[in-house]
Every structure is written in C-alpha cells, then in structure tokens.
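The following explanation leads the reader through one protein model, taking its helix packing, its sheets and its backbone details in turn.

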Amino acid sequence: MSAYRMISIPDAQDIVLTHTQPLGTVTVGLSGALGRVLADDVGAPDSLPPFPASIKDGYAVIAADGAGEYPVIGESRAGQLDDVPVRPGTVAYITTGAPVPEGADAVVQVEDTERLPPGPDGERRVRINKAAKSGQDIRPVGSDIAEGDIVLKAGELVGVAEIGILATVGAVHLKVHSTPKVGVLSTGDEVVDPSTRPLGPGQIRDANRAMLLAAAARAGAEVADLGVARDTEGHLEGCLAAAIERGLDVLVTSGGVSMGDRDLIKPLLERQGTIHFGRVRMKPGKPLTFATLALQEQGGRQMLIFGLPGNPVSSFVCFNLVVLPALRKMAGWARPELRRVAARLTSDLKLDPERPEYHRATLQWSIVPPGTCAAATAANAASLDDSASPSAPQPQPQPQPLGACELWAISTGNQISSRLLSARSANALLEIPSASGILPAGSLVSALLIDDLGCMPVPPGGVATTPGF
C-alpha cells in the first residue's frame, strides 16, 4: 500500500503553484524578447508620428483654397522634405507617411487630382478636383502614440506585435523575467537511446526524454539533457547531484515513481528533499510526484522536482497539467494555468468510476460532429441529387454556416497510457468526470488547451465568413 495520500489534480496544481515563485529579472535585447514577460512598464520617449503625417499619396493643400488648378511648388516624401512652405494658391506633392509641409492643412488623395501640362515657365501644375476639409488625411502629432504613454505594461507577454511596438518606441534593452533552467532525466535499465537499432531483449527507446525536452523548450525554458539514470541508488543519486551542480531550477524525471522494488525516485527524494504529494487521482498519471529541494550550499535556493510516470502518455499529460503552469509562473506569467474552453463530444466515451480522465482530443470548429456517422450521413445527403445522372460531377463542399458551428472534440483513439499515438495531433485534454456508464456523443465537456488552435483541422468546405464580408 502506498504511503502517499491520493489527492485531486486541482489540489496538486495548487500545491505546485504555491511552492513556485517567479524568478529574478534580466535585461535582454529586442531580438531576445520574444516570448518573455516584461518586468517593467515600457513608455514612449516621443510621439508617433513625431510630425503631422500624410495618410495618403496626393497633394498637401490649404483647404480654404478649394478645387481648382494650382502650381506644385515642392515635394514632401518620407525621409525627405523640400524647405518650401505651402502658401495660398499653391500645393505640394506628398507621399504616404511624409511630413505635411508648413502652411498646408489638408491632403487630397492623388485619385482626386489630375496632372496638367507644365506652365509657361515649366512649373508643374495639377488640378484639384475635390475640395478638402481642414485636417483631411493627416495624422496629427501623437495620434498613434503620445509622448509618455505606457505602451506595454509589466507582466505582459511579448509576442510578435509587441516586438513591433517595442521597436517603434526605441525600447531595445528590456527588463524581463528570467526563464527557468530545466533538466530532463529518464530512468530505467530498459531505456536506451532513440538511435539504438536493433533493440536488445527487453529494451525500449527513450521517447520521454526527447518529448519532455521539446515541451520544456516550447514553454521557453533553457533545457538540459541529463540522459538516462540506471536502476541503482548510487547512479540515481549521482544524476541528482549533477542536476544540482548545473544550477537547474527544475528537474523533470520520467519513470521510477510507482511501487516496484526498482522505483527509486521517491525514496531518493524522501532522503534529500520534501515530497509534497506522490499520488494523484487522475487518469493517466496516478503516480505523479512533486518535491522540493532546499539547496543551502547554493544560497538556500529551491529546486522543483517533478517525478512523472514512465508511460509516455502519462508523462505527456502530467507535464501539461502540472509542470507547464509551474514553468509559466517562474517565467513571470500572472495567470499560468491552462486555458479552458467548451466542446461537444463526437463519440460516446466510457467513464471510469474510480478516476477522472484527461482524454486526448483534437478540437475542430464545424457544423456537425466530424468523423461520426451523423457527419457521414449529412455529407451523403448533401451530395445526392436524384435528378442527376450517375456520371454527373459532384458539387464541391460549401462553407459551413458561421452561426451553426461549434467546437467539436474528436477523440484521438485508444487512450491506454503507453500509446503515445493518442497524443498525436491532440490540442486539448478533455476533462471527463469519474462516474459509471457512458458519456454520450453530443455532450458538452470542458477542454484544456495544450496546443495552438490555429493548427486545428479545417472542415470540408471551410467555415463561412461574416455575412457581407
């Protein structure tokens, strides 16, 4: 019997985040800011635009002059301005983004003008066909960003658009939260390098280490490959000592946390640290373990240790549910938890009366449950035309009505914890309650996002756009 009390996954997540603190701050250049969390507000040192700027290609005019024929007395181009003011009865050619010349108070787009033959002295001339209003097609000083504005706040995650904003205000040195250093260690005498061919008796290739290193790297962590620990106390202790020596913030292990006589992770953590939980009421991933080590020889800093089960799917699910939120919090995220949406089941799911399940699924936005008998029936009905000959071309799938679509959850198939194929293409973990019986197709369930929905499948014909678009 296990010495560890079984706890729920929400309790496990709370315990982990309670023992997780944001790391310190570092200064990075603009090119190193993507995916980082800002530690300070970023303000604008000057206004944008810093001068009245033309919105269009055309002519800078004095609005009160109205329509008519005028001499073109100069040009204003982006980065270049003739030092000739616009006076009543004259205009200046101007390009998009260029400074509006002194004296002009409006811009007439080139489509509303007509070039004329040069005047007697060779001067350029133009006909203004539409009178302008004062301020027309001019961006005033500071209309986009005013000097002193806070353009990004501390705690914001820097994405692609934010990089552009930072460049706009000249913020090329930024204080951001540090990202955690994460080491990944596999365990087990049977585990061999992925390059091993052929496999020897009882051997398996190490899928977990490569997968977990990739997952931690995608989360923004600095990763360290710690190899494979053999099933001996001495070798495992040496691997832990090496992880501590490398100054890691987090150690993620896979395997060795169950109740066999060679499951040595928990006994080691009991001797050297504090185990906060060692069993979680979840499927898959019941042996999930979390511990902390106080490292007095390194200034009293703390290392987090996650002991993930050895089955690949269990490791995959536990990383997303427990390790990822901790990495996010260390990196400065104010809300590190996984995002939750609602989706409908495309098929019946058998319930487990003992443990709630995190069922791997692919979410898709569509009008009918994709991949189900209902979807096939609807598709066949739409394609049949009794009046058409058998050889007539079949109509192309039409975009699905926007208002009739929902998120549908397509199961990735057999959910056994050793079958890593069940994680392929999964972008969500469905939260399936512990109960007896069947949860029928069409049921609305909560789904935790574990991947970008921008990569979700596209239904046949796609999805319709906004009406009138």
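Predicted model: local features only at pLDDT ≥ 70, side-chain atom pairs only at ≥ 80, totals over all residues.

The crossing in which α3 passes α6 is right-handed. On the α3 side the contact is made by N208, M211, L212, A215 and A216, and on the α6 side by P312, S315, F316, F319 and L327. Sorted by class, the contact of α3 with α6 comprises eight nonpolar residues, two polar residues and no charged residues.

Helix α6 (residues 312-330) also packs against helix α1 (residues 9-18), at an angle of about 30 degrees and with the axes 10 Å apart. It follows that α1 and α6 are therefore roughly parallel to each other. Here too the crossing is described for the pair: α1 passes α6 in a right-handed crossing. The residues of α1 that take part are I9, Q13, V16 and L17, which meet L321, V322, P325, A326 and K329 in α6. Seven of the residues in the contact of α1 with α6 are nonpolar, one is polar and one is charged.

The next element to consider is the open sheet. Six strands form this sheet in the order β18-β15-β19-β23-β22-β20, and the pairing is mixed. Its edge strands are β18 (222-229) and β20 (274-277), each of which pairs on one side only. On average, neighbouring strands of this sheet are turned by 20 degrees against each other, direction ignored. Within the sheet, strand β19 (residues 250-254) and strand β23 (residues 301-308) run parallel and are joined by five bridges. As a point of reference along this pair, V250 stands opposite L304 in β23.

Helix α4 (residues 233-245) packs on this sheet, where it touches β15 (181-187), β18, β19, β22 (289-295) and β23. The direction of α4 makes about 165 degrees with that of β18. Helix α6 lies across β15, β19 and β23, and runs at about 165 degrees to β23.

Helix α4 has a helical partner as well. The axes of α4 and helix α5 (residues 265-272) come within 11 Å and cross at roughly 55 degrees; α4 and α5 are therefore oblique to each other. In this crossing, which is right-handed, α4 passes α5. Residues E233, L236, E237 and L240 of α4 make the contact with I265, L268, R271 and Q272 of α5. By class, the contact of α4 with α5 holds four nonpolar residues, one polar residue and three charged residues.

How does an annotation record describe this part of the chain? For "domain: MoaB/Mog", an unreviewed UniProt entry lists residues 183-329. In the model, the end C-alpha atoms of residues 183-329 lie 17 Å apart, and the span is 35% helix and 30% strand.

Strand β26 (residues 357-366) pairs with strand β27 (residues 406-411) in the antiparallel sense, over six bridges. In this pairing, W365 has L407 in β27 as its bridge partner.

Most residues other than glycine have a negative phi, and most peptide bonds are trans. The peptide bond from R197 to P198 is cis, with omega near -10 degrees; P198 is placed in the loop between β16 (191-192) and β17 (204-205). A cis peptide bond also joins K283 and P284, where omega is about 0 degrees. P284 is found in the loop between β21 (279-281) and β22. Finally, D137 has a positive phi of about 55 degrees although it is not a glycine, and its place is in the loop between β11 (125-128) and β12 (138-139).

How values were computed: Residues numbered from 1 in each chain as written. Heavy atoms only, no water. UniProt positions renumbered as here; feature names shortened; annotations may be inferred. Helix = DSSP H or I, 4+ residues; strand = E, 2+ residues; numbered from the N terminus. Axes fitted to C-alpha atoms, helices over the stretch in contact; angles between N-to-C directions. Parallel < 35°, antiparallel > 145°, perpendicular 65-115°, else oblique. Left-handed = near helix turned anticlockwise from the far one by under 90°. Contact = heavy atoms within 4.5 Å. Nonpolar A, V, L, I, M, F, W, Y, C, P; charged D, E, K, R; others polar. Pairing = 2+ DSSP bridges.
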